[in-house]
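This report goes through a single protein chain, topic by topic. Please have the sequence and the coordinates open while reading.

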Amino acid sequence: MLNASLRDDFPILSRQVYGHPLVYLDNAATTQKPLQVLDAMREEYLNVNANVHRGVHYLSQQATDLHEAAREKVRAFINARSTSEIVFTRGTTEAINLVAACFCESQMQAGDEVVVTDMEHHSNIVPWQLQAQKRGIVVRHLPITDDGRLVSRDNIATYLTEKTKLLSVAHVSNVLGTVNPVKELVALAHERGIPVLVDGAQAVPHFPVDVQDLDCDFYAFSGHKMYGPTGIGVLYGKEAWLDRLPPYQGGGEMIDKVGWERTTFERPPLKFEAGTPDYVATHGLATAIDYLTAVGMANIAAHEQELTRYCLEQLCTIPNIRIFGPSLTPHPSPLTPINRDAVVSFLVGDIHHLDMGTLLDRLGIAVRTGHHCAHPLMDRLGVTGTVRASFALYNTKEEVDTLAAGIRRVAQMFN
């Protein structure tokens, strides 16, 4: 387990809620921010605040250096080949919308297909549906097993046809914790000439991600789920693909020259970064990456794997509990050490998920309830929603014990 002193970097964890010590188990929605990130952003606003790239004065140059240093930090963190492949966005949602809009405009026509899975977040469903309405493309979805895994390789292959132009899949399910075999999926798709977009929002904070090893064509993730600020995210795209795609939005920053007859655009990544970027947030994201790197992604993965295993063991002793997702077993890939990550979703008897979450909150335990922006998955599971506990590097076994005791207490109230 990680050193408990890390919790001192997150002052919010020491506060009380309804007279109880806060047990924050909603990390899949957003993580808390360490002092190092907050201090770095405050320092930039106090001493380096100026718009980036266009200014020749000292502050602008200094802010630009920090902004582009953040891009290099991201590149190294996910092992991209070049900073030209790192596009800053507002988050995973905008990154996927960017690919959906630009890819469908330039690479697809009516009748072409995008394949997703039954376990996707709405952010990897709705953008494709919007394109289907505009352009007549078809959205197909890979089925999952009852325990939340993708079906066999042979079955997946049947969904990848000559009409399939893109496979878009979550690295980790935000509900089930399922760690999908992305490297194998990418290889399967590439055998058929199909590019792959990976939603990495629930993966990047939890274990090492190497986009060159995965060989995916696009990879999206958010800063706020990895101890960084809100409103900043990343789209990784292979340079050849980013060169081929048209701009997502027009305006300042992304242009080379504007004329009444013709406008030319910057090369990636600036081609996709219209307007003033959140350069303070990129510095905050870089500081969060420094923090994660100092702790060690392998250490974080081991810590959260142990917490997940312990939570499953404790919750399985609660009568009438139903836990969703695969069993926790070793994963064959060294970059994804388990087939289930730091998310445990459950229901207890006939207790509504909202009731359970509300009463746990009164005990100081913050969990997520509802459909988790995954309506199609809820339909597949045959439920309207679940209670979700999700872990981060600062969570402890004692907090898991508090969660289990809280669930038992609520269950007894209903009995």
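In which loop is Asn-320 found? Asn-320 is found in the loop between α10 (297-315) and β13 (321-324).

## Basis and confidence

The model is predicted, so local features need pLDDT of at least 70 and side-chain atom pairs count only at pLDDT 80 or more, while totals for chains, interfaces and linings use all residues. Residues are numbered from 1 along each chain as its sequence is written, and side-chain values use heavy atoms, with hydrogens and water left out.

The mean pLDDT of the protein (the predictor's confidence in each residue, from 0 to 100) is 95, and 98% of the residues reach 70 or more. Over residues 331-337 the pLDDT is below 50. That stretch, 331-337, still has 17 contacts in the model beyond near neighbours in sequence, a contact being heavy atoms within 4.5 Å.

Helices (H or I, at least four residues) and strands (E, at least two) are DSSP runs, numbered from the N terminus. Strand β9 covers residues 218-222, and 5 of its 5 residues are buried. Buried means under 20% relative accessible area, exposed over 50%, and partly exposed in between (1.4 Å probe, protein chains only). In a regular strand the side chains alternate between the two faces of the sheet. Both faces of β9 are covered, with Phe-218, Ala-220 and Ser-222 on one side and Tyr-219 and Phe-221 on the other.

Two strands pair if DSSP finds at least two bridges between them. Strand β8 (residues 196-199) runs parallel to β9 and is joined to it by 3 bridges; Asp-199 has Ala-220 as its bridge partner in β9. Strand β10 (residues 233-237) runs antiparallel to β9, with 5 bridges, and Tyr-219 has Tyr-236 as its bridge partner in β10.

## Aromatic rings and charges

A pair of aromatic rings is described by the distance of the centres and the angle of the planes. Rings of Phe, Tyr and Trp (its six-membered ring) pair if their centres lie within 6.5 Å; planes under 30 degrees apart count as stacked, over 60 as edge-to-face and the rest as tilted. A search of the whole structure finds 7 such pairs. For Phe-218 and Trp-241 the ring centres are 6.1 Å apart and the planes are at 45°, so this pair is tilted. The pair links distant parts of the chain, since Phe-218 is in strand β9 and Trp-241 is in helix α8 (residues 239-244), 23 residues apart. Both Phe-218 and Trp-241 are buried. Elsewhere, Phe-10, Tyr-227, Tyr-291 and Tyr-394 form one aromatic cluster.

A charge sits over a ring if NZ of Lys or CZ of Arg is within 6 Å of the ring centre and within 35 degrees of the ring normal. Arg-244 lies over the face of Trp-241, at 4.1 Å from the ring centre. Lys-397 has its charged end over the ring of Tyr-310, 5.1 Å from the centre.

Asn-174 lies in the loop between β7 (164-170) and α6 (182-190). With a relative accessible area of 6%, Asn-174 is buried. The side chain of Asn-174 reaches the backbone oxygen of His-372 at 2.9 Å. Residues touched by Asn-174, not counting those up to four places away in sequence, are His-121, Gln-202, Val-343, His-372 and Arg-388.

Asp-213 is part of helix α7 (residues 211-214) and counts as partly exposed at 30% relative accessibility. The side chains of Asp-213 and Lys-183 make a polar contact at 3.0 Å. A polar contact is a pair of N or O atoms within 3.5 Å; within protein, one must be able to donate a hydrogen and the other to accept it, and residues adjacent in sequence count only if both atoms are side-chain atoms.

## Backbone details

Asp-215, in the loop between α7 and β9, has a phi near 65°, a positive value in a residue other than glycine. At 34% relative accessibility, Asp-215 is partly exposed. Asn-320 also has a positive phi, of about 65°, although it is not a glycine; at 62% relative accessibility, Asn-320 counts as exposed.

The peptide bond from Pro-268 to Pro-269 is cis, with omega near 5°. Pro-269 lies in the loop between β12 (263-265) and α9 (279-295).
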